[in-house]
Amino acid sequence: MSRFWPVRETSQSDYERLREQVLLGAGQLDLAAARFGRLGLAALIAGRRLRRP
Amino acid sequence: MVAGVPDTGWSPRRQALEVAGLLHPHPEAVSSALFDGQRPFFLPIDKVQIKYEMLRAHILDRISVSSAAAAHGYSRAAFYLVAAGFEQRGMPGLLDEPRGRRGPLKLTGELLEYLRSAESTRSGAELAAEIEQAFGVRLHRRTVERARRR
């Protein structure tokens with residue numbers, strides 16, 4: 001599982017940032033948070049895939 | 001609103017997961033403290049999030065494969081399937097393959113690896129059911145049994 005860590009993908013770094021904010025109790029409304037709110041982690045992954053050139 | 005989580009509405013997330021077929025099949029089996037219901041961000045029905053947190057618990061928190069799998073409602077064999085998907089495709093590997101795949105190439109290397117990692121005491125029917133749930137590939141129990149004998 002060498003691919004898992006350190007973080008290499010934007011969807012993973014977006015998730016880790018949101019996760020840390022939640023655990024620290026520091027809310028921040030941004031696009032990634034809004035996407036996560038709609039379909040969870042799958043939304044972050046799918047969003048990055050759709051925008052990939 | 002839960003501290004640290006923007007109140008963008010979590011019920012729509014639940015509904016969207018259901019529509020997308022991304023519900024965890026056994027959310028009641030999730031015992032990880034993160035998913036204790038105190039923080040809606042961590043939703044035990046979110047299969048993709050659960051898979052990610054299962055891998056994270058093993059890799060970063062050094063929890064054994066068996067414990068990480070059990071705490072997230074998966075079997076040890078399923079853990080290895082999820083890990084293989086991530087190793088091959090990264091984050092998109094956490095998303096399920098489309099269900100109902102048919103044809104002569106059902107027994108891919110990934111599935112054979114899964115069968116090889118399964119305990120020998122498990123029946124072909126059990127493994128076939130688990131493969132259908134995890135991969136969306138329907139196999140006859142005898143196909144599974146033949147593959148295990150190879």
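At what angle do the axes of helix H2 (residues 47-59) of chain B and helix H4 (residues 76-89) of chain B cross? In this predicted model, the two axes cross at roughly 95° and come within 10 Å. Angles of 65 to 115 degrees count as roughly perpendicular, so H2(B) and H4(B) are roughly perpendicular to each other. From H2(B), the contact takes B:Lys51, B:Met54 and B:Leu55. From H4(B), B:Phe79, B:Val82, B:Ala83 and B:Phe86 take part. By class, this contact has 6 nonpolar residues, 1 charged residue and no polar residues.

B:Met54 belongs to helix H2 of chain B. The cut-off for burial is 20 or more other C-beta atoms within 10 Å. B:Met54 has 26 other C-beta atoms within 10 Å, so B:Met54 is buried. Leaving aside residues up to four places away in sequence, B:Met54 touches B:Ala68, B:Ala69, B:His72, B:Tyr74, B:Phe79 and B:Val82. Two of these partners, B:Phe79 and B:Val82, are also named in the contact of H2(B) with H4(B). The C-alpha atom of B:Met54 is separated by 9.2 Å from that of B:Gly73, a residue 19 residues apart along the chain.

On the H6(B) side are B:Gly124, B:Ala125, B:Leu127 and B:Ala128. Facing them in H7(B) are B:Arg141, B:Arg142, B:Val144 and B:Glu145. The residues of this contact divide into 4 nonpolar, 3 charged and 1 polar.

Chain B as a whole has 7 helices and 0 strands. Its elements, read from the N terminus, run α-α-α-α-α-α-α. Of the 150 residues in chain B, 36% are buried. Among contacts in chain B with a separation of 6 or more, 52% join residues 24 or more positions apart.

The mean pLDDT of chain B is 83, with 87% of its residues at 70 or more. Among the elements of chain B, H2(B) has the highest mean pLDDT, 97. The lowest, 78, belongs to helix H5 (residues 109-117) of chain B. Over residues 1-9 of chain B the pLDDT stays under 50.

For the complex, the predictor gives an ipTM of 0.84 and a pTM of 0.69. The contact between the chains takes 24 residues from chain A and 31 residues from chain B. Helix H1 (10-24), helix H2 (31-39) and helix H3 (41-51) of chain A each supply at least two residues of the side that touches chain B. By class, this side of chain A has 13 nonpolar, 7 polar and 4 charged residues.

Within chain A, the buried residues of H2(A) include A:Ala32, A:Ala33, A:Arg35, A:Phe36, A:Gly37 and A:Leu39. A:Gly40 follows H2(A) and has a positive phi, near 65°.

How values were computed. Residues are numbered from 1 along each chain as its sequence is written. Chains are lettered from A and ligands numbered from 1 in the order in which they are written. This is a predicted model: local features need pLDDT of at least 70, side-chain atom pairs count only at pLDDT 80 or more; totals for chains, interfaces and linings use all residues. Two residues are in contact if their C-beta atoms, placed from the backbone, lie within 7 Å. Helices (H or I, at least four residues) and strands (E, at least two) are DSSP runs, numbered from the N terminus. Ala, Val, Leu, Ile, Met, Phe, Trp, Tyr, Cys and Pro count as nonpolar, Asp, Glu, Lys and Arg as charged, and the others, Gly among them, as polar. A residue is buried if 20 or more other C-beta atoms lie within 10 Å of its own, exposed if 12 or fewer, and partly exposed in between; C-beta atoms are placed from the backbone. Axes are lines fitted to C-alpha atoms, for helices over the stretch in contact, and angles run from 0 to 180 degrees between N-to-C directions. Angles under 35 degrees count as roughly parallel, over 145 as roughly antiparallel, 65 to 115 as roughly perpendicular and the rest as oblique. pLDDT is the predictor's confidence in each residue, from 0 to 100.
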